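Open the model in your viewer and keep the selection tool at hand. This tour moves from one stop to the next.

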Amino acid sequence: MNIKQNPFSVYDFLGYFTPGAIFLYVITFGYAHVNEDISPQDYVTENLGFDNAEIYIPFILVSYAIGHLLSFLSSISIESFSIWAHGYPSKCLLKMQTDGYFQTEGSKTLKIIIGLFLLPISVYELILGHCCGLKSFYMKPLDRVLRVVIVKKINLLLIEHGGVKQPGNFGSPEKTDFFRYAYHYAVEFAPNHYPKMQNYVALFGFLRTLAFLSILIFWGLVFHVLNEKCSIFDSIVWLISSGTIGFIFYLSFLKFYRRFSLEALMALAVSYKETK
């Protein structure tokens, strides 16, 4: 299968350039805000305005590079947090039991640090997801019939196509990375599903990075509140607003992360033909 991709794709625009550009504008506005002699709006317009044609190329290159950095940082924080908290989306969809946040593999110290860094998300996750039971809505598994069909096709894929005669020797499905093999099979043999999967990848990467940016803004506001004379009401409104926006982006990231996984699993289910 020959898949043509533009040098600067939608994934690059959403996943890297746009978050990087937003970061530059936020940093520029924040720098001007802490300097009383500078008007933030005028400073942003003067330095990053579209009237300055000479900054177009440097702005694009710097935004793209920063976007890559933000995407990487969001993958090791936001995405890792979601996997520790809920497991991989493919396993959640198939209702495979996963370990708790601190029971999964990895350093507990690192999990605590990331949990504290993502404080707005982890607090909302604890209150709304666990205490209020909303987790059952945004982490809902598939219908039982679909789960049976997909698990059957996964086992056939590993045995017939992958040559794994006894998959049980590698442990329970919950402990194996079956989705990676299933996804590559879907890319190779279900080309009609590939564009939709790529769109989902672009969307969940974009939203994951925006969630990370929202957390950076939250901590920037915390620093501002602690160092400036702000009213208690304004401080509470700013912090709750930024934290809420970050959690909404996080839920949106989970939504499209799950849709990507579901599309790959369904592509496998409808394209793989039993050979025996």
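**Stop one: a helix and its cover**

Select residues 178-189. This is helix α9, with 12 residues. From first C-alpha to last, α9 reaches 17 Å, close to the 16 Å expected at 1.5 Å a residue. That expected span is 1.5 Å times one less than the number of residues. Helices here are DSSP runs (H or I, at least four residues), strands likewise (E, at least two), numbered from the N terminus.

The model is predicted: local features need pLDDT of at least 70, side-chain atom pairs count only at pLDDT 80 or more, and totals for chains, interfaces and linings use all residues. Residues are numbered from 1 along each chain as its sequence is written, and side-chain values use heavy atoms, leaving out hydrogens and water.

Now show the side chains of α9. Which of its residues are buried? They are Phe178, Phe179, Ala182, Tyr183, Tyr185, Ala186 and Val187. Buried means under 20% relative accessible area, exposed over 50%, and partly exposed in between (1.4 Å probe, protein chains only).

Select Asp177 and Arg180. They form a salt bridge, with the closest N and O atoms 2.8 Å apart. The term means a side-chain nitrogen of Lys or Arg within 4 Å of a carboxyl oxygen of Asp or Glu. Asp177 is partly exposed at 47% relative accessible area, and Arg180 is exposed at 54%.

The structure holds 2 salt bridges. For another, select Arg208 and Glu79, whose closest N and O atoms are 2.6 Å apart. Arg208 lies in helix α10 and Glu79 in helix α3 (residues 56-86), so this pair ties together parts 129 residues apart in sequence. Arg208 is buried, at 6% relative accessible area. Glu79 is buried too, at 15%.

**Stop three: paired rings**

Show the aromatic side chains. How many aromatic pairs are there? The count is 22. Rings of Phe, Tyr and Trp (its six-membered ring) pair if their centres lie within 6.5 Å; planes under 30 degrees apart are stacked, over 60 edge-to-face, the rest tilted.

Select Phe117 and Phe212. Their ring centres are 5.7 Å apart and their planes stand at 45°, so the pair is tilted. Phe117 is in helix α5 and Phe212 in helix α10, so the pair ties together parts 95 residues apart in sequence. Phe117 is partly exposed at 26% relative accessibility, whereas Phe212 is buried at 6%.

Move to Tyr124 and Phe247. Here the centres are 5.1 Å apart and the planes at 20°, so the pair is stacked. Tyr124 sits in helix α6 and Phe247 in helix α11, 123 residues apart. Tyr124 is partly exposed, at 23%. Phe247 is buried, at 6%.

**Stop four: a patch on the surface**

Select Phe102, Ile112, Leu116, Leu119, Val123, Leu126, Ile127 and Trp219. They make a nonpolar surface patch of about 680 Å². α5 (108-117) and α6 (119-131) each supply at least two of its residues. α6 gives the most, with 4.

**Last stop: the whole protein**

Zoom out. The protein has 11 helices and 0 strands. Of its 276 residues, 42% count as buried.

Conventions: Patch = residues over 30% accessible without salt bridge, like charges linked within 9 Å, V, L, I, M, F, W, Y side chains within 5 Å. Areas by Shrake-Rupley, 256 points an atom, 1.4 Å probe, with all protein chains shown as cover.
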